[in-house]
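Here are some notes on the model, as numbered points. Please read them alongside the coordinates.

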Amino acid sequence: MEEEDFEQDSELCFDCSPTSGSGPRIFKMLEKWVPKASHYFDKEHYFYAGNQITIQESIENFGAIVWPGALALCQYLESDQQEISLKDKKVIELGAGTGLVSIVASILGAFVTATDLPEVLENLEFNIARNTQGLKIHKPEVRKLAWGEDLDQDFPRSTHQYDVIVATDVVYHHTALDLLLATIDYLCQPGTILIWANKFRFSTDYDFLDRLSNMFNITQLAEFPESNVKVFKGTVREN
């Protein structure tokens with residue numbers, strides 16, 4: 001099968017458990033974009049968790065664009081803080097990109113480490129600094145993290161323990177999925193929760209979900225049908 005846009009019945013969800021008897025919550029993606037005159041075509045304005053957030057994007061790098069999974073997860077996190085409360089939690093975001101999710105998580109009370117590749121960090125740091133200045137929150141720390149590389153050295157498990165791992169739209173048609181899975185596995189310790197939001201468009205997206213389900217207890221938290229985005233929670237399987 002070619003890696004073209006791929007649709008699959010949501011019932012074939014690899015033993016994903018619903019959060020209740022009625023299944024995952026169904027959302028409509030809210031228009032969180034705030035129209036605002038700007039001299040810069042590459043800046044977008046959003047409103048989450050009671051704050052206007054201005055994000056600088058770049059078309060030169062996939063990591064510097066706000067993707068649908070990030071918008072969906074921000075909406076979910078601010079709407080359901082009983083199911084997923086980030087207050088005073090240590091959170092690491094993989095592939096933080098523009099920093100939107102890390103910013104929202106920090107506004108919701110988390111201690112956030114935002115990670116991505118070196119070429120993305122300057123714009124990531126800019127967006128985080130711009131949107132957290134003056135707020136009484138824990139400013140996210142920005143760190144380089146190339147999936148599967150130097151994890152023992154840069155993120156030793158003895159001193160880097162996280163309550164929550166966050167990732168949005170990190171799964172698409174690329175060659176680093178094995179490294180991503182290994183990185184998630186490395187960072188997860190007993191009690192760690194994985195929150196993953198992704199736009200499902202390729203067969204590789206479902207393949208990754210299948211592999212993730214073999215390692216973690218996976219629950220589908222929410223779905224945004226119009227955008228084809230699904231939100232999952234994973235917990236470490238006990239041996």
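1. At 7% relative accessibility, Thr113 counts as buried, because buried means under 20% relative accessible area, with exposed over 50% and partly exposed in between (1.4 Å probe, protein chains only). Thr113 is part of strand β6 (residues 111-116); strands (E, at least two residues) and helices (H or I, at least four) are DSSP runs, numbered from the N terminus. Leaving out residues up to four places away in sequence, Thr113 touches Val91, Ile92, Glu93, Glu141, Arg143 and Tyr162, where contact means heavy atoms within 4.5 Å.

2. On the basis of these values: this is a predicted model, in which local features need pLDDT of at least 70 and side-chain atom pairs count only at pLDDT 80 or more, while totals for chains, interfaces and linings use all residues. Residues are numbered from 1 along each chain as its sequence is written, and side-chain values use heavy atoms, with hydrogens and water left out.

3. The largest nonpolar core has 41 residues, and Leu73 and Leu100 have the most contacts inside it. Such a core is a set of buried Ala, Val, Leu, Ile, Met, Phe, Trp, Tyr and Cys residues joined through side-chain atoms within 4.5 Å. Helix α1 (residues 68-79) supplies the largest share of this core, 7 residues. Another core, of 28 residues, lies apart from it and includes Phe155, Ala167, Leu187 and Trp196.

4. Neighbours within four places in sequence aside, Leu73 is in contact with Val101, Val166, Thr168, Ile195, Ala197 and Val231.

5. Helices α1 and α2 (residues 100-107) have axes 9 Å apart and pack at an angle of about 10°; axes are lines fitted to C-alpha atoms, for helices over the stretch in contact, and angles run from 0 to 180 degrees between N-to-C directions. The pair is therefore roughly parallel (under 35 degrees; over 145 is roughly antiparallel, 65 to 115 roughly perpendicular and the rest oblique). Ala70, Leu71, Leu73 and Cys74 of α1 meet Leu100, Val101 and Val104 of α2. By class, this contact has 7 nonpolar, no polar and no charged residues.

6. What is the angle between α5 and α6? The axes of α5 (residues 177-187) and α6 (residues 203-215) cross at roughly 30° and come within 11 Å, which makes α5 roughly parallel to α6. Leu177, Asp178, Leu180, Leu181, Ile184 and Asp185 in α5 meet Thr204, Phe208, Arg211, Leu212 and Met215 in α6. The residues of this contact divide into 7 nonpolar, 1 polar and 3 charged; Ala, Val, Leu, Ile, Met, Phe, Trp, Tyr, Cys and Pro count as nonpolar, Asp, Glu, Lys and Arg as charged, and the others, Gly among them, as polar.
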